[in-house]
Amino acid sequence: MIEDGWLISTNPATGEEAGRVPVADEKAVLAAVERAREAALWWQGLGFAGRRTRILRWRSLIVQRIEELAELTHRESGKPVTDGLIEATAAVEHLDWAARNAKRVLGPRRVRTRLLVAEHSGHLEYQPYGVVGVIGPWNYPIVTPVGPISGALAAGNAIVFKPSEYTPVVGQWLADSFAEVVPEHPVLQVVHGLGDVGGALCRSGVAKISFTGSTATAKKVMAACAENLVPVVLEAGGKDALIVDADADVEAAAEAAVWGAMTNAGQTCIGIERVYAVEPVYDRFVDAVVAKAGKLRTGEEIGPITMPKQLDIIRDHIEDALAKGGRAVLGGAEAVQAPYVSPTVLVDVPEDSSEIREETFGPTLTITKVRDADEAVTKANDTPYGLGGAVFGKKNAIRIARRLRSGMVAVNGTLTFVGMGNLPFGGVGESGFGRIHGDDGLREFARAKAITVRRGPSLLPAMTFERTPAQVKQIVKALRLLYGRKP
């Protein structure tokens with residue numbers, strides 16, 4: 001709710017106010033970006049070592065106050081405090097990795113020369129963009145924005161961060177805590193508001209945008225950025241699948257499936273929404289999932305649904321699945337009791353139902369029986385999304401994982417790739433493109449710069465009008481000696 005220029009954040013479970021922040025207009029966004037340009041020059045001047053020291057100080061400050069941050073996340077999003085602690089832990093991992101590895105990944109290096117310019121040495125370095133805009137989501141208001149923020153900061157950029165209007169207070173906490181360890185310049189600023197503020201940030205003159213949110217909003221962000229050819233990193237929706245092969249540890253697979261589907265009340269872009277279990281283990285797997293999910297309690301392990309309109313989507317998906325012949329072996333349409341949704345497990349759901357085709361974003365899970373892993377892969381890949389996924393099995397699990405059309409896959413686990421700061425994170429198809437985390441994530445926030453340096457006279461001058469016919473013949477002769485043989 002916006003009131004007298006203030007964005008008021010409330011707990012979705014209780015309606016109590018969690019905090020309030022000032023709303024930015026277009027003028028305020030432009031001013032923040034202008035301040036960031038000056039801050040970026042100072043931040044870049046610190047070099048990799050100076051930035052590393054300050055990012056690691058921020059990391060340590062978050063660790064010291066992790067309970068405070070988790071409690072704030074609980075008050076604002078309704079998620080359990082323990083979930084907030086684990087989320088903050090993952091954010092700390094990404095900050096630590098980016099700070100420690102930026103110089104290795106982005107620092108200047110020599111590269112091997114090639115035939116046509118043998119008299120020159122090659123050099124490669126990565127230069128920061130300057131100012132990066134980060135638009136964050138509400139479902140994971142700590143770790144998700146910290147992913148691109150950590151990479152962009154380590155690469156030498158200043159940041160203007162627009163948190164979700166549902167979790168602005170957590171976003172403000174991140175910026176304020178960073179300012180405590182970097183008080184000299186506004187290297188990390190935050191602007192608050194609704195979608196129009198995000199649009200203003202896209203058009204503000206930032207050099208790059210990193211966005212996390214729904215696929216529909218990602219398309220709007222990309223269209224706004226296209227007006228000025230601003231490059232984007234987009235992490236959008238998902239409809240992730242788990243494959244359970246015949247030699248899987250069924251109990252472990254069920255435990256992971258329940259976690260992957262129900263954590264954060266299912267409000268997870270990389271959450272498991274579909275399971276394809278091969279026939280020999282299907283019945284045991286369903287029984288184990290129902291037993292484990294049935295123990296979860298709303299208001300305890302299962303928090304509230306943050307966006308009220310999502311309750312209608314979850315209910316519609318469940319009802320559509322049941323109307324088309326699916327069965328609820330746990331929960332059902334009656335599981336939707338605002339602001340909560342009880343764990344719901346559905347079987348025999350046809351492939352054309354919205355529960356299979358569309359992102360549900362709630363604590364629901366469909367389990368489908370398949371003949372073998374080949375059929376499971378075919379069905380898992382039958383989606384426009386391609387964010388994450390999981391495979392449980394022994395002999396063929398990694399081979400199956402490689403066949404999934406997705407940016408990440410966990411083998412004998414779910415969502416585990418989030419906790420590894422050295423692995424890239426991102427999707428394909430309608431799940432977006434570009435990467436955060438890992439080497440690839442660092443390179444997203446820096447421009448590659450190639451430099452050649454003459455180191456001596458040209459023995460075989462190629463790039464000059466003063467070359468002679470004899471020299472060109474020598475170049476062709478050398479070319480045939482080096483590359484003329486069949487491999």
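This is a predicted model: local features need pLDDT of at least 70, side-chain atom pairs count only at pLDDT 80 or more; totals for chains, interfaces and linings use all residues.
**Close-ups of a helix, an annotated site and some cysteines**

View 1. H9 itself covers residues 250-262, so to speak, 13 residues in all. From its first C-alpha to its last it reaches 18 Å, close to the 18 Å expected at 1.5 Å a residue.

**View 2. The start of H9 and its cap.** Look at the N-terminal end of H9, which Asp249 caps. A side-chain oxygen of Asp249 lies 3.3 Å from the backbone nitrogen of Glu251.

**View 3. The buried residues of H9.** Among the buried residues of this helix are Val250, Ala253, Val258, Gly260 and Met262. The buried residues of H9 pack against several neighbours, including strand S11 (240-244), helix H10 (279-293) and strand S17 (364-370).

**View 4. Glu235, a site marked in a record.** An unreviewed UniProt entry puts the feature "active site" at Glu235. You'll find Glu235 in strand S10 (residues 232-235). Is Glu235 buried or exposed? Glu235 counts as buried because its relative accessibility is 9%, and the cut-off for buried is under 20%. Leaving aside residues up to four places away in sequence, Glu235 touches Thr144, Phe211 and Cys269, among others.

**View 5. Cysteines without a partner.** How many disulfides does a search of the whole structure find? The search turns up zero. Cys202 is in no disulfide, and the nearest cysteine sulfur, that of Cys225, is 3.8 Å away. Cys202 is buried at 2% relative accessibility, and Cys269 is buried with a relative accessible area of 10%.

Key
Residues are numbered from 1 along each chain as its sequence is written. Side-chain values use heavy atoms; hydrogens and water are left out. Helices (H or I, at least four residues) and strands (E, at least two) are DSSP runs, numbered from the N terminus. The expected span of a helix is 1.5 Å times one less than its number of residues. Buried means under 20% relative accessible area, exposed over 50%, partly exposed in between (1.4 Å probe, protein chains only). Contact means heavy atoms within 4.5 Å. A polar contact is a pair of N or O atoms within 3.5 Å; within protein, one must be able to donate a hydrogen and the other to accept it, and residues adjacent in sequence count only if both atoms are side-chain atoms. UniProt positions are given in the numbering used here, feature names are shortened, and annotations may be inferred rather than shown by experiment. A disulfide is a pair of cysteine sulfur atoms within 2.5 Å.
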